[in-house]
Amino acid sequence: MSCPICAKNSDAKYRPFCSRRCADVDLGRWLNGSYAVAADSPEDLNEAAEELMKETSRPH
């Protein structure tokens, strides 16, 4: 399997990535909103917003 960030061979320790750096690059993309799941209707957006509010308001 190749790393989805740089296409080098994956390392079992960081699978599916090749290194901690590529894993961090991927995490950064998720956190800054570079990756997104498209919604088909406004109802989906409202449902997603409600779920997010539930998750962020729970004590950790």
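A polar contact is a pair of N or O atoms within 3.5 Å, where, within protein, one atom must be able to donate a hydrogen and the other to accept it. In this predicted model, the side chains of aspartate 26 and tyrosine 35 make such a polar contact, at 3.0 Å.

Aspartate 26 belongs to helix α1, which covers residues 20–31. Although aspartate 26 is buried, it has no salt bridge, and the nearest side chain of opposite charge, that of arginine 29, is 5.7 Å away. When neighbours within four places in sequence are left aside, the residues in contact with aspartate 26 are Ile5, Phe17 and Tyr35.

Tyrosine 35 also takes part in the one aromatic pair that the structure holds. Its partner is tryptophan 30, and because the ring centres are 4.8 Å apart and the planes stand at 65°, the pair is edge-to-face. Tryptophan 30 counts as partly exposed, with 48% relative accessibility, and tyrosine 35, at 28%, counts as partly exposed as well.

The cysteines raise a separate point. A disulfide is a covalent bond between the sulfur atoms of two cysteines.

As for accessibility, cysteine 3 counts as buried at 3%, whereas cysteine 6 counts as partly exposed at 34%.

Key: Residues numbered from 1 in each chain as written. Predicted model: local features only at pLDDT ≥ 70, side-chain atom pairs only at ≥ 80, totals over all residues. Heavy atoms only, no water. Phe/Tyr/Trp six-rings, centres within 6.5 Å; stacked < 30°, edge-to-face > 60°. Buried < 20%, exposed > 50% of the residue type's maximum accessible area, 1.4 Å probe, protein only. Helix = DSSP H or I, 4+ residues; strand = E, 2+ residues; numbered from the N terminus. Lys, Arg positive; Asp, Glu negative; His and termini not counted. Salt bridge = Lys/Arg side-chain N within 4 Å of Asp/Glu carboxyl O. Contact = heavy atoms within 4.5 Å.
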